[in-house]
Amino acid sequence: MSDKYDVIVIGSGPAGYVAAIRAAQLGLKTACIEKWRDDKGNGVNGGTCLNVGCIPSKALLDSSHKYHDAKHAFEGHGIGTGDISIDVPSMIERKNRVVKQMSGGITGLFKANKVDSLYGTGKLLANHKVELTDNDGNKKVLDADNVILASGSIPVNIPPAPVDGEVIVDSTGALEFTEVPERLGVIGAGVIGLELGSVWSRLGSKVVCLEALDSFLAIMDQTIAKEAKKILTKQGLDIRLSCRVTGSEVVENNGKKEVIVTYTDQDGKEAKETFDKLIVCVGRRPYTDGLLADDSGVKLDERGSIYVNDLCSTSAPGVWAIGDVVRGPMLAHKGSEEGVMVAERIAGEKTVMNYDIIPNVIYTHPEIASVGKTEEQLKADGESYNVGTFPFLAIGRAVAADEAEGMVKMIADEKTDRVLGCHIVGPAAADLVQQVAIAMEFGSTAEDIGLTVFGHPTFSEAVKEAALAVHGHAIHMPNRKKR
Ligand code: FAD
Ligand code: AMP
């Protein structure tokens, strides 16, 4: 193996592995360096997403949803189940098998595409050289025309709740509980906090989410956020807004450890709550530890992200950066698209990425999903728009499936009717919002979506009806505006 590459990617998460595969597809000699190891010390590809993020969290969300349905929903369909129980270690084992299968898949794709998969730690030196330290500490320097930095992100820690990996955990620890905690605290009612809180709540934990902000899911459209809060609260999640955690103390009670959390409540008073486990989900930060030599030429911004332009070029020639380690939403698919863009740019193509149309999903049940501008953003920008909403309660497929909570909200430009955003809480919201993302990519109007023939009965019909409602002519509900 020669040590001179066209492209070296550092990090094999969804940003890095996609960049590496696309570069190799384009005929570029490519290597991808990854330092992640499994508990036996073997190198593992896939990054946060496959190992401790998107995939394992969805595996546990699916297991816990099946359990919850069997326990609470089957009876309504006339299905008798007898006693239902949950074997947490088996559930975690299954999740581990899913993770192994998916990360093994990336290694397989590397082989199939002739990407050199190198296990160890990469460090960017000057003039796009990369120092590779293998897992035994041996170092060598590799040369590349282009280097793509895709080192990802790690959970943020806060001093009031230091993670001990036992009673106070981060998102990674919350994927490994061996039993269902009776009382579970979650700091931060954001995407990850709500998903992990939902997993353990469905399995029987009494979950309290402490959120510092006074609005729920502040960056989502607030019509949908309010509806989602109602639904999640009904499910048993105790979401407390304007509650900032200020301290925590791990104590022993009857030989069992628990944590007493101190926080300022909505009235500004000090309050306390005791939990068996506490998950800290207050966000993630870009990860660049040990990544950059002093003379690498790569600059960071004030938030610690690698500074890049719209095309993901860093301040060092021939060095690119993508994914969670750069500005923008920390989402797997955002990094993957940047990976494709950068690989194609290196190969001489003129690819650009549309940062305005990036779907965002929270995998609670029902799912919460959005794409494009929220009504709050449009208002703040002084834009004129029309809004159509449609409830799943009026969708036959949703009622038949006992999934009739939630709604679709479609927003279109008042003058041109082009769809500006779509926000959904409801069944299959992640997949429904993607339909609108495709429509938006092609510049569709609300009328275009309303004129499209949708299969019946489908959840998707809620998207069509919301588009029709933009002009006041939804069919399956009375309209506010008549046309
Ligand atoms: P990462 O996936 O973080 O990968 C970076 C890789 O680089 C790591 O493997 C790391 O070991 C490696 N690395 C770092 N430094 C070096 C070095 N010097 N040398 C060698 N290797 C190095 N996003 C979604 O879009 N949908 C979801 O449903 C979703 N769910 C999530 C659930 C949880 C619990 C968490 C924690 C995250 C979730 N995310 C989700 C976010 C998603 O995981 C990240 O946005 C995504 O993984 C970022 O991809 P990345 O490739 O930029 O970085
Ligand atoms: P996200 O960025 O979606 O992962 O959400 C993280 C959430 O944690 C944000 O909504 C923050 O407001 C919240 N948060 C951060 N620090 C604290 C704190 N000390 N107490 C409670 N919530 C917090």
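## Ligand 1: contacts

How far does a backbone N or O atom of leucine 331 lie from an oxygen atom of ligand 1? The distance is 3.4 Å in this predicted model, a polar contact (a pair of N or O atoms within 3.5 Å). A polar backbone atom of methionine 330 is also 3.4 Å from an oxygen atom of ligand 1. For a backbone N or O atom of proline 14, the distance to a ligand 1 oxygen is 3.3 Å. Alone, ligand 1 exposes 990 Å², and the protein buries 95% of that (Shrake-Rupley areas, 1.4 Å probe).

## Ligand 1: shell

Ligand 1 is surrounded by 38 residues (a heavy atom within 4 Å). Glu34, Thr48, Lys58, Gly122 and Ala332 are the closest. By class, 16 are nonpolar, 17 polar and 5 charged; Gly counts as polar, while Tyr, Cys and Pro count as nonpolar.

Helix α2 gives the largest share, 4 residues. Elements supplying at least two residues each include α1 (14–25), β2 (30–34) and α7 (332–346). Helices (H or I, at least four residues) and strands (E, at least two) are DSSP runs.

## Ligand 2

Glutamate 211 places a polar side-chain atom 2.6 Å from an oxygen of ligand 2. Alanine 212 has a backbone N or O atom 3.1 Å from a ligand 2 nitrogen. Of the 510 Å² that ligand 2 exposes alone, the protein buries 75%. Its shell holds 10 nonpolar, 3 polar and 2 charged residues.

## Conventions

Residues are numbered from 1 along each chain, with chains lettered from A and ligands numbered from 1 as written. Local features need pLDDT of at least 70, side-chain atom pairs 80 or more, while totals for chains, interfaces and linings use all residues; side-chain values use heavy atoms, without hydrogens or water.

Definitions and conventions:
A polar contact is a pair of N or O atoms within 3.5 Å; within protein, one must be able to donate a hydrogen and the other to accept it, and residues adjacent in sequence count only if both atoms are side-chain atoms.
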